Amino acid sequence: MRTTFWAGVVGACVACGLSGLGCGGDDDGATPSGSTGSTEGGGSGAASCSGLDTSALVSELSPAEVEQACKGYRRCSAEEVTVEYVCLMQGVLGAAYGDDPGTNDAELQAKCSELVEGCMADPSQAEQLIEQALVEVEAEPCGQPRQCTATIAEIDACAAEMRAYTRGVLPACSALTMAFYEQTDRGDTLLDGACGKLGVGCFQLFTTPSDG
């Protein structure tokens with residue numbers, strides 16, 4: 001696998017939490033340091049990845065506050081990108097799309113485990129990929145929210161759901177199946193929760209331009 005390919009994949013992961021695609025972390029949905037995963041209606045002054053008062057209206061933010069919030073959400077997502085997650089990602093993707101890919105569930109699981117073990121035995125490449133991806137994501141300009149009437153608390157809730165969704169995307173190697181690669185769900189279910197309450201113009205605050 002070429003380093004540039006994996007850097008792109010890791011970069012997409014970071015951007016999701018986009019962002020957000022925070023990735024990695026525990027499967028219990030815990031939020032990263034500095035984030036409360038505020039839900040709608042969060043109290044004034046509660047901690048937020050944005051560093052802003054959660055009761056603040058996005059439509060009333062100054063350009064400097066928009067920039068601060070954008071970078072804060074990216075920082076929270078970046079903190080969740082771990083070597084363990086990158087190694088699992090390489091195992092899951094490499095099992096099907098790498099050299100000598102598996103052709104059934106058992107082969108996929110074995111190949112995934114082999115790749116993960118190799119990655120964890122020498123984490124320097126994963127660390128390099130994370131560093132490279134973070135540099136690329138940080139270089140992306142912050143988007144400007146348009147006609148967004150949401151509060152920072154509502155943005156926090158959606159961002160937290162996006163991070164939780166991303167954490168659960170990759171299965172453990174022991175649970176990997178051929179069917180996993182045939183899934184068509186690309187996060188549409190997120191719109192059933194807090195993200196579905198946001199206007200389209202709100203997403204520019206905590207996603208990179210390439211995310212939409």
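This is a predicted model: local features need pLDDT of at least 70, side-chain atom pairs count only at pLDDT 80 or more; totals for chains, interfaces and linings use all residues.
Reader: OK, and how much of the protein is buried?
Author: Of its 212 residues, 46% count as buried. Buried means under 20% relative accessible area, exposed means over 50%, and partly exposed is in between (1.4 Å probe, protein chains only).

Reader: How many helices and strands are there?
Author: Six helices and zero strands. Both are DSSP runs numbered from the N terminus: helices are H or I with at least four residues, strands are E with at least two.

Reader: Which residues touch the most others in the largest nonpolar core?
Author: Tyr73, Ile155, Leu198, Leu205 and Phe206, out of 21 residues in that core. A nonpolar core here is a set of buried Ala, Val, Leu, Ile, Met, Phe, Trp, Tyr and Cys residues joined through side-chain atoms within 4.5 Å.

Reader: What does Ile155 touch?
Author: Leaving aside neighbours within four places in sequence, Ile155 is in contact with Val58, Tyr73, Cys148, Ala150, Leu198, Cys202, Leu205 and Phe206. Contact means heavy atoms within 4.5 Å.

Reader: And what's in the second core?
Author: That separate core has 13 residues, including Met89, Ala95, Leu108 and Val116.

Reader: Tell me about Val116: where does it lie? Is it buried or exposed?
Author: Val116 lies in helix H4, and it counts as buried because its relative accessibility is 18%. Leaving aside neighbours within four places in sequence, Val116 is in contact with Cys87, Leu88, Gly91 and Cys173.

Reader: Switching topic: at what angle do H3 and H5 pack?
Author: Helix H3 (residues 83-97) and helix H5 (residues 124-139) pack at about 100 degrees, with axes 9 Å apart. That makes H3 roughly perpendicular to H5. On that scale, angles under 35 degrees are roughly parallel, over 145 roughly antiparallel, 65 to 115 roughly perpendicular and the rest oblique. The axes are lines fitted to C-alpha atoms, for helices over the stretch in contact, and angles run from 0 to 180 degrees between N-to-C directions.

Reader: Which residues meet there?
Author: Val83, Val86, Cys87 and Gln90 in H3 meet Gln125, Ala126, Glu127, Leu129 and Ile130 in H5.

Reader: Where is Asp100, and what's its phi?
Author: Asp100 sits in the loop between H3 and helix H4 (105-121). Its phi is positive, about 50 degrees, although Asp100 is not a glycine. Asp100 counts as exposed, since its relative accessibility is 64%.

Reader: What about Gln147, buried or exposed?
Author: Gln147 counts as exposed, at 82% relative accessibility. Gln147 is in the loop between H5 and H6, and has a positive phi of about 50 degrees although it is not a glycine.

Reader: And Cys49, buried or exposed?
Author: Cys49 counts as buried, at 6% relative accessibility. Cys49 lies in the loop between helix H1 (3-15) and H2.

Technical notes. Residues are numbered from 1 along each chain as its sequence is written. Side-chain values use heavy atoms; hydrogens and water are left out.
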